[in-house]
Structure formats: structure tokens, C-alpha cells
Amino acid sequence: MADIALRFGKDMLVVSSPAEGALRRADLTSARDQALALMVEPETIEEAYRLEAVAGPQCFTTATGAFTPARLVALGMEGKGEALAGAALAVLAEANPQHTLVAIEPCGLPLDPSSKSSLVENRDQYARAAQLFDGVTFDAFLLDGFTTTDDLKCALMGIRKVSDAPIMASVDVQGNGMLASGRGTWREAVEVMAEFGAAVAGFSTLAPVAEAATLALQARDALAEAGASLCLMATLQVFERDTKQQGPTAENPYYSPDTMMEAALRLRASGVQFLRAAGQATPAYTGVLAAAVAGLDVVAD
């Protein structure tokens, strides 16, 4: 498996859509059912990866977002993290990805930033999740779906406590630059990513492409002021696929896979290296992203 760090800042790369979307389309709607599928119905996830592989992304993400200890307890799967992690990597290996990204999502525990014990408890959730992958081969961690800077900071510190693997971090952002939680801004999140050891600063948004491109430019400005040189990642959230929709709207800008062509080129021009479609996206969205930037390098500062 190639070392993804060797490609940072060089060629454009596309990340597969989350496997959870394909599992929902296969009527595996709950997090527990999706985790169980790794053990008892792996062919369902293998099929999702196979379809994504045809679309041509260079990076694939594991179906491991819910594997922090607290979330495993909530799923009734306490103590099964190591077995589930192994199964997730084995299923993904069938797709023969160029790069494997281990996904970790927010642990869901209450977090009081003024309490040291609360911060330590949250940090250790992410450290224990990262330890599930100690000694196995993968390219980077992907912190995905974060909505507050405090939780993001705990996750970065927790992983760095146990691993020196590259970290790609992504937060959910509104078009106006506020985090989805309403607590904190995209710029503040970028500063946290730079300070606490992320290699890639990412945002996930429902905003139209013009606003998404502005978010990328804001990140570049923040990184320049901090003297940091992180790569950028953009995830575009598909709200609804609608073949009858005549054009993009503020509520549903990415209504068809064709919208990914312009989005990919606009985001590349704004300095983004990693592109991803999520939400209601299908492999067709990934395919258009991959085709749009095939053979292209990252736009230099």
C-alpha cells in the first residue's frame, strides 16, 4: 500500500463516499445493524465498496466511525471493537484501495471544556479507538463529522497520544463559516487542526459551490497566518437526488452527479486537494469527481 503522505500537496485525490450511505440504501439503517453487517453480512459492505471502486476514488474509508468505546457500549457491542476493526479492514481490503483511511466519528459523550476530567475522558475515547488499529496497515485516520472545536481537539490529542499516523480532520460547516453546532467557526477549527497535529484540514458542507470555495480560501488564509501548510479536503453533502430538479438551489445544490464537475474544478482552483461526496451521494457522484480531476495536480499557493 502506498504512503499517502508522499502525495500530500501533489496530485488531486478523491475519497470514497461513506459506506454507511450504501448500507442505508440496503435497509441497514441503524448503527448497530451496520456494525453487525461487518461480522455476519460482509458481502453487503463488499458490494458497496465494489461499486465505489468502479467510480475510481484513490482513497477509501473504513466503516468504523462508531468504534469509540462509548458508542460501542451504546450499540450493545462493548469489548468487540478489536474484532470489528479487523473485520472492517478485511472487508475494505477486498476493494484493493490505493489508500485506506480509518474513520473515527465523535464519541457522543458530554464534554465540559472547563473540566479536566471531562476533557481527559473524551480524549481517551479517541485514543482507545485509535489503538484498535495498532500494528495494522492503513494510510491515515479520518476524523469525520465533528461539529465543535473542543471535541475535535480531544480527538486530535487522543490519537496523537497513541499513534503518529497522519490525521485528516473534517468538521461540518455552514456556508457562513459557522460550525454546524453553532459553537465555533471554521477558521477556529482550522487553527485547532494546525496546532494539534492534523495533516489535512477538511470541511463538510451543504452549502453551494461558491460558498464551499470561499470556505477553502478562508482555510488557506488561516493556515498562512498560522505558518502551517496543511492540505485541504472538501466534502459536499448531497441533500437529495432529484432528476426532476432543473438547477441547483440553496437547499439542494448537488441534486445530480453532474453538479460535481463544476464543484470539483472550483474547489481545486481554491486549493483543495481531497474531494468527497457524502449524504445521499451514490457512486456516480464519486465517479464524476474522479473524472473531473483525473491527472490534475493541486493548485499551488
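Analyst: **The largest pocket and its surroundings**

The largest share of the lining of the largest pocket, 4 residues, comes from H1. Helices (H or I, at least four residues) and strands (E, at least two) are DSSP runs, numbered from the N terminus. This is a predicted model, where local features need pLDDT of at least 70, side-chain atom pairs count only at pLDDT 80 or more, and totals for chains, interfaces and linings use all residues. Residues are numbered from 1 along each chain as its sequence is written, and side-chain values use heavy atoms, leaving out hydrogens and water.

At least two lining residues each come from H1 (19-25), helix H2 (31-40), strand E4, strand E7 (231-238) and strand E8 (274-279). In total 28 residues line the pocket, and Pro18, Glu20, Arg24, Gln34 and Glu105 lie nearest its centre. Its volume is about 430 Å³.

On a 1 Å grid over the protein atoms alone, a cavity is a set of points where a 1.4 Å probe fits but cannot get out, while a pocket is an open set with protein on both sides within 12 Å along at least five of seven lines; lining residues have an atom within 4 Å of a point. Grid points are joined across faces, edges and corners, and a volume is the space filled by probe spheres set on the points. Searching the whole structure turns up 1 cavity of 30 Å³ or more, and the largest cavity comes to about 40 Å³. Around that cavity you'll find Pro18, Glu20, Thr61, Thr62, Ala103, Glu105, Asp144 and Arg276.

Let's follow E4, one of the pocket's suppliers, into its sheet. E4 (residues 140-146) runs parallel to E5, joined over 4 bridges (strands pair if DSSP finds at least two bridges between them). Here phenylalanine 141 sits across from isoleucine 167 in E5. E5 also pairs with strand E6 (residues 200-205), again in the parallel sense, over 5 bridges. On that side, alanine 169 faces alanine 201 in E6. Why is E5 (residues 167-172) largely enclosed by the rest of the structure? Because 5 of its 6 residues are buried (under 20% relative accessible area; exposed is over 50%, partly exposed in between, with a 1.4 Å probe and protein chains only).

H11 is mostly covered, with 8 of its 11 residues buried. Those are Pro283, Tyr285, Thr286, Val288, Leu289, Ala290, Ala292 and Val293. The cover over them includes H1, E7 and E8, along with strand E1 (13-15), helix H3 (42-55) and helix H10 (259-269). After H11 comes glycine 295, with a positive phi near 80°.

One last stop, back past E6. The loop between E6 and helix H9 (209-226) holds proline 208. This proline 208 is partly exposed, at 25% relative accessible area. Apart from neighbours within four places in sequence, proline 208 touches Ala250, Pro253 and Tyr254 (contact means heavy atoms within 4.5 Å). From its C-alpha atom to that of phenylalanine 60, 148 residues apart along the chain, is 25 Å.
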